[in-house]
Amino acid sequence: MTLSYIVSGFAVGLLVGMTGVGGGSLMTPLLTLLFGVSPSVAVGTDLAFASITKSAGTLTHRVRGTIRWDIVKRLCIGALPAAVVSTLALKSFGTLSPEIGQIIRYSIAGSVLLTVVALIFKGRMLNWINAHPEKQLQGNKLAAATIISGAVLGVLVTVSSIGAGAIGATLLVMLYPSMSSAEVAGTDIAYAVPLTAIAALGHWWLGSIHWELLISLLIGSLPGITLGSWVARSVPEKFLRVLLAMTLTTVAVKLIY
């Protein structure tokens, strides 16, 4: 089984490297559907996985100067308290109970579908915003919208481990259309590190992290991400995004039914 986890980690890392989409939207459903891992343990393990892998990405983006720390601060103001409250709520309701497990399963499916929407319509959203500059938020309204977005992402990530990647990046593009792609990626990864770390600590407290599984996934994912980043240069991005959107839609349907 350990070899299967390593291979799965490699496959997810490869796709993440090629598409840039957060591993949670791929890893958590994979653990739940293919390996029969309980939803709560799948979420907790994936959050620990994400916090480690995203830390390395943050260091790279920091060296390149592609992180907007003012935006990271706003997102964290909303996301970190939301993660703590969500963890306490899971503890109160019993994260390992079958009923809560089913709720988490549905939340994973919902987050996956949101990721699909973000993948498909990100370009159209950006085009609409650029065509209607009067609709763009400024000043205090922009700051408030960023904090609220962080809070929503904090809940999504803590409950389902999904949201910090494609959904977070799409929200950044909508709120800050003038940011470069590198800045969007760097900022999205940077705020996700403390968020996934706090959420992972919460799940460790809840007893929903499988450490042997985590190590196996990391062994596979690190070379997978590296190879995927190189392959991405020769594979059409549109093709990859359509393929990924179709795959995630199928996953969401299977999670629900």
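**Helices, core and selected residues of a predicted model**

Gln-136 sits in the loop that links α5 (98-131) to α6. Helices here are DSSP runs (H or I, at least four residues), numbered from the N terminus. The model is predicted, so local features need pLDDT of at least 70 and side-chain atom pairs pLDDT 80 or more, whereas totals for chains, interfaces and linings use all residues. Residues are numbered from 1 along each chain as its sequence is written, and side-chain values use heavy atoms, with hydrogens and water left out.

Gln-136 has a relative accessible area of 24% and is therefore partly exposed. On this scale, buried means under 20% relative accessible area, exposed means over 50%, and partly exposed lies in between (1.4 Å probe, protein chains only). Beyond its neighbours within four places in sequence, Gln-136 is in contact with Ile-129, Asn-130 and Pro-177. Contact means heavy atoms within 4.5 Å. Thr-249 is 113 residues from Gln-136 in sequence, and their C-alpha atoms are 30 Å apart.

Thr-249 itself belongs to helix α10 (residues 237-256). Its relative accessibility is 32%, so Thr-249 counts as partly exposed.

Helix α6 covers residues 139-160, 22 residues in total. From first C-alpha to last, α6 reaches 32 Å, close to the 32 Å expected at 1.5 Å a residue. The expected span is 1.5 Å times one less than the number of residues. Ser-161 follows α6 and has a positive phi, near 65°. Helix α3 (residues 39-64) has 26 residues and reaches 37 Å, close to the expected 38 Å. Gly-65 follows α3, again with a positive phi, near 75°.

Helix α3 also packs against helix α8 (residues 181-206): their axes come within 7 Å and cross at roughly 140°. Axes are lines fitted to C-alpha atoms, for helices over the stretch in contact, and angles run from 0 to 180 degrees between N-to-C directions. The crossing of α3 with α8 is left-handed, a term for a near helix turned anticlockwise from the far one by less than a right angle. Residues of this contact comprise 13 nonpolar, 10 polar and 2 charged. Ala, Val, Leu, Ile, Met, Phe, Trp, Tyr, Cys and Pro count as nonpolar, Asp, Glu, Lys and Arg as charged, and the others, Gly among them, as polar.

The largest nonpolar core has 58 residues. Such a core is a set of buried Ala, Val, Leu, Ile, Met, Phe, Trp, Tyr and Cys residues joined through side-chain atoms within 4.5 Å. Helix α8 gives the most to this core, with 8 residues. Those with the most contacts inside the core are Leu-31, Val-37, Tyr-176, Tyr-191, Leu-217 and Leu-248. Leaving aside neighbours within four places in sequence, Tyr-176 touches Ile-71, Arg-74, Leu-142 and Thr-146.

Helix α7 (residues 166-175) is mostly covered, with 8 of its 10 residues buried. Among them are Ile-167, Leu-172, Val-173 and Leu-175.

Two further helix residues were examined. Ser-221 lies in helix α9 (residues 211-231). Its relative accessibility is 0%, so Ser-221 counts as buried. Not counting residues up to four places away in sequence, Ser-221 touches Gly-9, Phe-10, Gly-13, Phe-49 and Thr-53. Pro-29 is in helix α2 (residues 24-33). At 2% relative accessibility, Pro-29 is also buried. Pro-29 and Ala-42 lie 13 residues apart in sequence, with their C-alpha atoms 8.0 Å apart.

Conventions: Helix = DSSP H or I, 4+ residues; strand = E, 2+ residues; numbered from the N terminus.
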